[in-house]
Amino acid sequence: MNTMTASPKALFVALCLGGLALYPLAAGDYGMDLVTKIMVYAIFALSLELLVGATGLVCFGHAAFFGIGAYAAVLLSPESDAAQLLWLLPACVAAAAAYALFMGALSLRTQGVYFIMVTLAFAQMAYYIVHDTPLGGGTDGIYLNVKPQLQLGGSTWLDLDGDHTIYFFTWTALVAVFGFLGLLLRSRFGRALAGIKANEQRMRATGFSTYPYKLAAFVISGAIAGLAGFLFGVKDGYVNPELMSWHLSGAVLIMIILGGLGHLRGALVGAFAFALLQEFFKSEAIFGAFAKHWHLGLGLTIIASVALLPNGLVGLPALWRQRLLGKARGAAPAGEQA
């Protein structure tokens, strides 16, 4: 039964990732850059899915980890030489994980709306550090002059300066993160997180100390968000304080809700749907002068999606099946009467 129900989901994910791998064959420069950015957001959304969808912890400060990963990529890179990817990438992920450990150790002692507000406060602290101090270049941000390279034995094996290189590097990271989280959520650790989400008090009553599990999930989530931030900073070669703003935390939360909470593929679908909807409503070729009010169109679409699709976009197939079965059952008595 589980194999039968899991196969279509795995096939859907495989087709999506396979399509992304083949996309550069037909894409131009703009399309490559856009899809690279969306894949970065998909990694970011997957990191939050671990907290919200799998553990039931609604974090409203997740952009802090994303921004720390991006800023670390720029600040730790030499001004006139390429940084070694072998140490820069782990350093950026570790910086985000360290702040997640600090934030989680304190914020996880609260619950509900208090947890949401505390995580937002920690994120705003990080935002104002880079916004109001010379460390992050203030509102102007800072530039990455030379993008990192993978150098082994005196030769350059990988240079992230090329569009195709950063695209496939991001795609590889997305596949690795998706696979890692899939295995993690199927492990004993993942089952413990599911139990915490369902009923934390009952988990405690059965002998589980839930705090270490939540803290571990928080740190892993922050580390993955830091990876996404690193990729974003390297892709654009520029970072600014907006990468740590509460707007971005809200946007990534909308992504996983739009895709469908509780499903890794929902984070993937939600990131693409959200970004493509933005591009759609920003298009002057379609909306003309109204394109400058794209927030209105996007907001109305998201409200309609949440109202009509309570299980997100990944719940569409099940919704269609229910409607088709309902029509079939309604037609059966009519056929018998005839």
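Which residue forms a salt bridge with Glu 200, the closest N and O atoms being 3.0 Å apart? In this predicted model, that partner is Lys 214. The pair ties together distant parts of the chain, with Lys 214 in helix H8 (residues 210-236) and Glu 200 in helix H7, 14 residues apart. Lys 214 is buried, at 3% relative accessibility, and Glu 200 is buried too, at 15%.

Glu 200 also has a salt bridge to Arg 204, again listed at 3.0 Å from N to O. These two sit four residues apart in helix H7 (residues 188-205), so about one helical turn separates them. Arg 204 is partly exposed, with 39% relative accessibility.

The count of salt bridges comes to four. Another of them joins Lys 235 and Asp 236 at 2.5 Å, N to O, and Asp 33 links up with both in a network. Here Lys 235 is buried at 10%, while Asp 236 is partly exposed at 38%.

Now for a charge without a partner. Glu 49, in helix H2, is buried yet has no salt bridge: Lys 197, the nearest side chain of opposite charge, is 6.3 Å away. Its contacts beyond close sequence neighbours include Ile 256, Leu 261, His 263 and Leu 264.

On to the nonpolar side. The largest nonpolar core has 102 residues, and Phe 66, Leu 174, Phe 218 and Phe 230 have the most contacts inside it. Helix H2 (residues 29-55) gives the largest share, 17 residues. Phe 218 touches, among others, Leu 51, Phe 65, Met 103 and Phe 115.

Phe 290 sits in the loop between helices H11 and H12.

Terms used:
Residues are numbered from 1 along each chain as its sequence is written. This is a predicted model: local features need pLDDT of at least 70, side-chain atom pairs count only at pLDDT 80 or more; totals for chains, interfaces and linings use all residues. Side-chain values use heavy atoms; hydrogens and water are left out. A nonpolar core is a set of buried Ala, Val, Leu, Ile, Met, Phe, Trp, Tyr and Cys residues joined through side-chain atoms within 4.5 Å. Buried means under 20% relative accessible area, exposed over 50%, partly exposed in between (1.4 Å probe, protein chains only). Contact means heavy atoms within 4.5 Å. Lys and Arg count as positive and Asp and Glu as negative; His and the chain ends are not counted. Lists of a residue's contacts leave out its neighbours within four places in sequence.
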